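Trainee: I am new to this one. Can we go through the labels and ask what stands behind each?

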Amino acid sequence: MTVKQFLSSTSFIQYNESMYSKGTYDSISELEFKRDDQLITWVNTYGIHFHDEVERVAHQNHLDDFLIKLIADLEYANKVIQLDELLFLSIQVLKTETATLQSEHMYFMMSDAYIWSIQEKPGDYFGWIRERLQNHKGLVRKKKADYLLFLLLESIVDNYVQTFEKFTKEPLGGETLLDVKPTPEFTASVENRKQDLFRLKKATISLRDMTTKLEKIEMNSIETKYFTELKEQTNHLISDIDFELEVLESNMNLIFSIQGYRLNEEMKTLTIFSVIFIPLTFLAGIYGMNFKNIPELQTDNGYFVLLGIMVLITGVTVRYFTKKKWF
């Protein structure tokens with residue numbers, strides 16, 4: 001059953017400038033990576049758990065046994081290793097189709113005539129490449145396998161760029177920063193976005209480091225200029241992510257500063273009313289005590305005198321605050 005699952009999860013595309021074909025395999029023995037200067041083969045497998053089947057394919061194509069160990073080792077996600085005229089790449093890629101950024105492992109084995117890509121999960125970002133191969137668009141069918149590898153890696157970078165642009169288009173929580181209220185839910189959503197940006201940055205840095213290593217590969221079948229361009233794209237994306245993180249942090253500081261200013265204004269208003277009513281409450285408290293010998297209580301106009309004093313105190317206090325421009 002495992003062999004059938006492996007075969008059903010594996011497909012191939014063969015092409016050159018004048019021909020194109022695609023299909024699947026009926027048996028593992030058909031997976032032969034023959035050297036052919038006139039024909040490029042791209043084999044793709046969904047699933048990294050087919051260890052026995054991958055080992056059989058490697059042995060029948062006389063590939064280095066070290067490849068089996070590399071594919072089984074998930075501890076170190078990003079590697080670029082040259083084995084004679086075979087190039088092995090291992091990379092951890094973000095899956096951006098869901099709300100949360102998940103990751104998967106991808107492996108690429110490339111020689112001058114073929115590429116074998118192994119992906120952990122079904123689905124990828126390579127549909128546009130398959131379409132260009134089938135419809136003979138662009139330069140891909142005129143180039144060698146190294147150009148196809150460049151397009152596969154570039155497709156991953158493009159997906160990261162689109163994900164980053166999606167993040168930047170999402171508002172923080174209001175039309176303007178003045179409309180935003182820093183509730184716990186809002187703060188949590190901003191923190192989640194920052195964590196997504198950090199994960200995206202980490203994945204992009206891994207790609208950048210990989211392209212740096214690819215620049216230094218010395219193989220007759222590889223044009224390193226492709227990967228120099230790819231490194232520039234990843235550097236630009238890392239710079240954009242850093243800038244967005246700084247803007248996000250700056251906006252958060254501004255939002256909390258605005259909230260602090262609003263709180264200070266409210267506290268100032270409460271303070272003004274407190275200062276006005278505290279002396280009035282003090283006077284009312286004194287003459288509200290139940291003592292018989294309070295002289296002012298026996299005065300005929302004592303009530304009106306006290307009201308006048310209260311009005312005078314209120315007027316003086318309001319005048320003082322107005323002069324200080326607290327109103």
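Mentor: Start with a cut-off. Buried means under 20% relative accessible area, and exposed means over 50%. Keep in mind that this is a predicted model.

Trainee: Why is Thr-234 called buried?

Mentor: Its relative accessibility is 0%. The limit is under 20%. Thr-234 is therefore buried. Its place is in helix 7.

Trainee: Which residues is Thr-234 in contact with, leaving aside neighbours within four places in sequence?

Mentor: Val-157, Thr-204, Leu-207, Arg-208 and Thr-211.

Trainee: What makes helix 5 and helix 7 roughly parallel?

Mentor: Look at the angle. Helix 5 covers residues 145-169 and helix 7 covers residues 225-286. They pack at an angle of about 10°. Angles under 35 degrees count as roughly parallel. Helix 5 and helix 7 are therefore roughly parallel to each other. Their axes are 10 Å apart, and the crossing is left-handed.

Trainee: Which residues make that contact?

Mentor: From helix 5, they include Leu-149, Phe-150, Leu-153, Val-157 and Phe-164. From helix 7, they include Phe-227, Leu-230, Thr-234, Leu-237 and Ile-241. The contact residues divide into 13 nonpolar, three polar and six charged.

Trainee: What makes helix 7 roughly antiparallel to helix 8?

Mentor: Use the angle again. Helix 8 spans residues 302-323. The axes of helix 7 and helix 8 cross at roughly 160°. Angles over 145 degrees count as roughly antiparallel. That makes helix 7 roughly antiparallel to helix 8. The axes come within 10 Å. Here the crossing is right-handed.

Trainee: How do the residues of this contact divide into nonpolar, polar and charged?

Mentor: There are 13 nonpolar, two polar and no charged. Helix 7 contributes Ile-272, Val-275 and Leu-283, among others. Helix 8 contributes residues including Ile-309, Met-310 and Phe-321. Thr-314 and Thr-317 of helix 8 also take part.

Trainee: On to the rings. How many aromatic pairs does a search of the whole structure find?

Mentor: It finds 11 aromatic pairs. One of them joins Phe-88 and Tyr-107.

Trainee: How do you know that Phe-88 and Tyr-107 form a pair, and why is it called stacked?

Mentor: Two values settle it. The rings are 5.9 Å apart, centre to centre. Rings pair if their centres lie within 6.5 Å. The angle between the planes is 25°. Planes under 30 degrees apart count as stacked. So Phe-88 and Tyr-107 form a stacked aromatic pair.

Trainee: Which parts does the pair tie together?

Mentor: Phe-88 lies in strand 5 (residues 86-95) and Tyr-107 in strand 6 (residues 102-110). The pair therefore ties together parts that are 19 residues apart in sequence. Phe-88 is buried, at 0% relative accessibility. Tyr-107 is buried too, with a relative accessible area of 0%.

Trainee: Which residues form an aromatic cluster?

Mentor: Phe-33, Tyr-114 and Trp-116 form one.

Trainee: Why is His-62 called exposed?

Mentor: Its relative accessible area is 74%. The cut-off for exposed is over 50%. His-62 is therefore exposed. Its place is in the loop between helix 2 (51-60) and helix 3 (66-72).

Trainee: What makes His-136 partly exposed?

Mentor: Its relative accessibility is 32%. Buried ends under 20% and exposed begins over 50%, with partly exposed in between. His-136 therefore counts as partly exposed. His-136 lies in the loop between helix 4 (127-135) and helix 5. Phi of His-136 is near 55°, a positive value.

Trainee: Why does Asn-16 count as buried?

Mentor: Its value is 19%, and the limit is under 20%. Asn-16 therefore counts as buried. It lies in the loop between strand 1 (10-15) and strand 2 (20-24). Not counting residues up to four places away in sequence, Asn-16 touches Gln-38, Leu-39 and Arg-141. Asn-16 and Leu-39 are 23 residues apart along the chain, with their C-alpha atoms separated by 5.3 Å.

Trainee: And Asp-124, buried or exposed?

Mentor: Buried, at 19% relative accessibility. Asp-124 is found in the loop between strand 7 (114-119) and helix 4. Leaving aside neighbours within four places in sequence, its contacts are Asn-44, Tyr-46, Lys-95, Gln-119 and Arg-130.

Definitions and conventions:
Residues numbered from 1 in each chain as written. Predicted model: local features only at pLDDT ≥ 70, side-chain atom pairs only at ≥ 80, totals over all residues. Heavy atoms only, no water. Axes fitted to C-alpha atoms, helices over the stretch in contact; angles between N-to-C directions. Helix = DSSP H or I, 4+ residues; strand = E, 2+ residues; numbered from the N terminus. Parallel < 35°, antiparallel > 145°, perpendicular 65-115°, else oblique. Left-handed = near helix turned anticlockwise from the far one by under 90°. Contact = heavy atoms within 4.5 Å. Nonpolar A, V, L, I, M, F, W, Y, C, P; charged D, E, K, R; others polar. Buried < 20%, exposed > 50% of the residue type's maximum accessible area, 1.4 Å probe, protein only. Phe/Tyr/Trp six-rings, centres within 6.5 Å; stacked < 30°, edge-to-face > 60°.
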